[in-house]
Amino acid sequence: MAAATDPLLTPHKMGKFHLSHRIVLAPLTRSRSYGNVPQPHAVLYYSQRTTTGGLLISEAACVSDTGRGYPHTPGIWTKEHVEAWKPIVDAVHAKGGIFFCQLWHTGRVSNTGYQPNGQAPISCTDKPVNSGLLLEDEPDEKFTVPRRLRTDEIPRVVDDFRNAARNAIEAGFDGVEIHGAHGYLIDQFLKDSVNDRTDEYGGSLEKRCRFALEVVEAVVDEIGAERVGLRLSPFADYHGCWDSDPEVSGLYLVHQINKHDLLYLHMVEPRMSIVEGRRQIPHRLLPMRRAFKGTFIAAGGYDREEGNKVVAEGYTDLVAYGRLFISNPDLPRRFELDAPLNGYNRLTFYTSDPVEGYTDYPFLEPSA
């Protein structure tokens, strides 16, 4: 049996939250919220992965009807969504878990089929994503050319994040994580490969960060900084969204968000870059970790051994696990025992089946 003092299994105080271990359920798109409404089968899925004092981050929830870009992803912008999330949150709390809702807007990573009235997706730009998008019923469809937001429209999108944060708290979540990573709307404003604006939201680094910081400020004002986290991926290049100087831009943004006293910062390792050889060197988050004042979460390809190592070295406070948590609902227990892990099946990550690849992965012990 692993020693109880394994770094991943030690407690951590995150603001007012007392975590019993440092293994976090990463936010994971699961595509099983039919009609954008969270479903009863999510109660079992999340409760399976809950431990007393464990931190879970929900799959990304769209902040508005313009924020959708994939089939069967949940929303958090209507009363119906709030009511549907409540039993899921209650199930996590019943087992002693701490549950944060990830707030999401896909921006240009979308298609007219997902947009209200068949309109073009909105973004900071009118440059399209140069790759295909598989729609459930139209596998040959591509990303739609986006519509560049007018300057006067941007505050309305900021308010969508504010309203979604309020809804998440009404649903019972302990807090929210703003999704500013992986090429979605906030990241589109941040990265200079995409943001080609000439107004106060584009051009210099300071202007490219403005939208992200306005969202952070709005959400903090609405629900309090002690309940707000932010996810960033300065080194990533998903959906053609990359930065020419990720170290500089990432560190600048960290210093700016420190002014808002966020509860945590969740950052993605460079090795999750999808273009081989470009910015894939791991463990380059250290300057940003050192600069951030709150709890730091690292994500991206970690296993048990490396997770223990980076916590022990002070590289991060917490480690988020995705694929391993999908396939091992009792992941903290398996790490504690250094037990074998279930393998995962990528083909069922995003299917709409309410059981297969979702709640049917076995526990180590039948009584778990």
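A: Contact here means heavy atoms within 4.5 Å. The model is a predicted one.

Start with helix α9, which spans residues 304-312. Which of its residues are buried? They are R304, E306, G307, N308, V310 and V311. Buried means under 20% relative accessible area. What covers these buried residues? The cover includes β13 (318-321) and α11 (331-337).

Now look at the ends of α9. D303 caps the N-terminal end. A side-chain oxygen of D303 lies 3.3 Å from the backbone nitrogen of E305. Just after the helix comes G314. G314 takes a positive phi of about 80 degrees.

For another view of burial, turn to S123. This residue lies in strand β7, residues 122-123. S123 is buried, with a relative accessible area of 0%. Its side chain makes a polar contact with the side chain of Q188, at 2.7 Å. Leaving aside neighbours within four places in sequence, S123 is in contact with several residues, among them R108, P146, L149 and R197.

Last, a pair of helices. Helix α1 covers residues 41-48, and helix α2 covers residues 79-94. Their axes come within 8 Å and cross at roughly 25 degrees. Angles under 35 degrees count as roughly parallel, so α1 is roughly parallel to α2. The crossing is right-handed. On the α1 side, A42, V43, Y46 and S47 take part. They meet W85, P87, I88, A91 and V92 in α2. By class, this contact has 8 nonpolar residues, 1 polar residue and no charged residues.

Notes. Residues are numbered from 1 along each chain as its sequence is written. This is a predicted model: local features need pLDDT of at least 70, side-chain atom pairs count only at pLDDT 80 or more; totals for chains, interfaces and linings use all residues. Side-chain values use heavy atoms; hydrogens and water are left out. Axes are lines fitted to C-alpha atoms, for helices over the stretch in contact, and angles run from 0 to 180 degrees between N-to-C directions. Helices (H or I, at least four residues) and strands (E, at least two) are DSSP runs, numbered from the N terminus. Angles under 35 degrees count as roughly parallel, over 145 as roughly antiparallel, 65 to 115 as roughly perpendicular and the rest as oblique. A crossing is left-handed if the near helix is turned anticlockwise from the far one by less than a right angle, and right-handed if clockwise. Ala, Val, Leu, Ile, Met, Phe, Trp, Tyr, Cys and Pro count as nonpolar, Asp, Glu, Lys and Arg as charged, and the others, Gly among them, as polar. Buried means under 20% relative accessible area, exposed over 50%, partly exposed in between (1.4 Å probe, protein chains only). A polar contact is a pair of N or O atoms within 3.5 Å; within protein, one must be able to donate a hydrogen and the other to accept it, and residues adjacent in sequence count only if both atoms are side-chain atoms.
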